[in-house]
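I opened my notebook to look at one structure.

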Amino acid sequence: MNEIQPLMLDLVQQYLSDMVAGAKVTIDGIVHDKEIYHTSTKYGLRKYVKLSREQGLVTRAALVDSYGRELYVKTMNYQKGVKGYVIAFPLQIEAKEVKVNE
C-alpha cells in the first residue's frame, strides 16, 4: 500500500509559507506594501495582514513573493475606518496519489 506521509505535507506547507514575503493591499486605488502580521499552521496554513492606520475602501489584497509576484489574490469591498482590520489568507494543503497505468 502506498501512502503520502504527513511529513511530506508539512514540508510542502513550510515551503509555501516561506515563499510569502509580504502583501500588497489596494486602498482607495493606491497599492500599499504590507508585512505579514501573523502566520498560523494550526488548521492548515494561514497568513494574516493587519491594517492599522490606513483608511478607505479596500478592494484587493495579495500575498507576494520576494520578487513581488502575486501568489494569492483576494478581491474585496471593505470600507475601513479608524478601527484595525486583519485580512486572512487561509490555505489547506491536500495531496493524493496519482494512479499511473503500468
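Entry 1. How many of the residues of β1 are buried? I note that this is a predicted model. I looked up the cover of β1 and found five of its six residues buried. Buried here means under 20% relative accessible area. So β1 is mostly covered.

Entry 2. I then looked up the sheet. It is open and has four strands, in the order β2-β1-β5-β6, with antiparallel pairing. I asked which strands stand at the edges. They are β2 (30-34) and β6 (70-80). Each has a single partner strand, so one side of each has no neighbour in the sheet.

Entry 3. Next I followed β1, residues 22-27, to its partners. Five bridges join β1 to β2, and the two run antiparallel. I found alanine 23 bridged to lysine 34 in β2. Lysine 24 has aspartate 33 of β2 as its bridge partner. Toward β5, residues 56-64, I found six bridges, again antiparallel. There, valine 25 stands opposite alanine 61.

Entry 4. I checked the hairpin of β1 and β2. Two residues lie between the strands. Aspartate 28 in this hairpin takes a positive phi near 50 degrees.

Entry 5. Which residues make the nonpolar patch? I found Ile4, Met8 and Val12, with a patch area of about 230 Å². Valine 12 lies in helix α1, residues 6-19. Its relative accessible area is 35%, so I wrote it down as partly exposed.

Note on methods. Residues numbered from 1 in each chain as written. Predicted model: local features only at pLDDT ≥ 70, side-chain atom pairs only at ≥ 80, totals over all residues. Heavy atoms only, no water. Patch = residues over 30% accessible without salt bridge, like charges linked within 9 Å, V, L, I, M, F, W, Y side chains within 5 Å. Areas by Shrake-Rupley, 256 points an atom, 1.4 Å probe, with all protein chains shown as cover. Salt bridge = Lys/Arg side-chain N within 4 Å of Asp/Glu carboxyl O. Buried < 20%, exposed > 50% of the residue type's maximum accessible area, 1.4 Å probe, protein only. Pairing = 2+ DSSP bridges.
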